[in-house]
Amino acid sequence: MKFVSKTLIAAALSSIALAASAMTPIQDAELSTVSGQDGVSITANLNVKIDSFVYTDTDVVDANGLGGGSVSFNGIKVNGLIAASIDILSRNSFLQAAGAAGVTDPGTFYSATKGGDVVQIAIPADVQVKAGKFLNVSVDAIKMGNSTASFGSMAMNQIDLRGTQVWIWAH
């Protein structure tokens, strides 16, 4: 009985292997008939933390001949939602979109001699984002030099990037 069951299992496994080896690659002619929906959507919930950003001016010399002063922004945080789409644009579609976006002469950036498609990353103007979920940037403390005292904090709230477009192409 054990021999029969082992034989049946071996036969089943070998038939699966034969079926897998029967797969053939798709030829170019067949592949050209395959279609799909273009574009990819991307959504990201950002949560970026930066320990500090320090600005130093080494040209400043005080009355004691000591040079350099600095300001540090500590505890920087960026959080919020970004939803973007990725599409492939033809040359003409890109030139039209860039012109509509206010690019003075899109052909200057995209040479007609290079041709080719353009990748567009866009944050759609009509994307729905819950209240309070747009990008926020905050700085917990602003300090001078090596001081432990803070001048306070700052925040930029509800930064709305909808309608933003980025284009990428090969050179």
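Leaving aside neighbours within four places in sequence, which residues is L89 in contact with? They are F94, D117, V118, Q120 and W167, where contact means heavy atoms within 4.5 Å.

Before going on, some ground rules. This is a predicted model, in which local features need pLDDT of at least 70 and side-chain atom pairs count only at pLDDT 80 or more, while totals for chains, interfaces and linings use all residues. Residues are numbered from 1 along each chain as its sequence is written, and side-chain values use heavy atoms, with hydrogens and water left out.

Back to L89. Together with F94, A97, A98, V118 and W167, L89 makes up the largest nonpolar core, 6 residues in all. Helix 3 (residues 91–100) supplies the largest share of this core, 3 residues. Such a core is a set of buried Ala, Val, Leu, Ile, Met, Phe, Trp, Tyr and Cys residues joined through side-chain atoms within 4.5 Å. Helices (H or I, at least four residues) and strands (E, at least two) are DSSP runs, numbered from the N terminus.

Next, G80, which lies in strand 2 (residues 67–89). G80 counts as buried because its relative accessibility is 8%; buried means under 20% relative accessible area, with a 1.4 Å probe and protein chains only. Beyond four places in sequence, the contacts of G80 include A44, L46 and F134.

Last, confidence. pLDDT, the predictor's confidence in each residue, runs from 0 to 100. Its mean over the protein chain is 74. Where pLDDT is low, the predicted coordinates should not be read in detail.

Technical notes: Buried means under 20% relative accessible area, exposed over 50%, partly exposed in between (1.4 Å probe, protein chains only).
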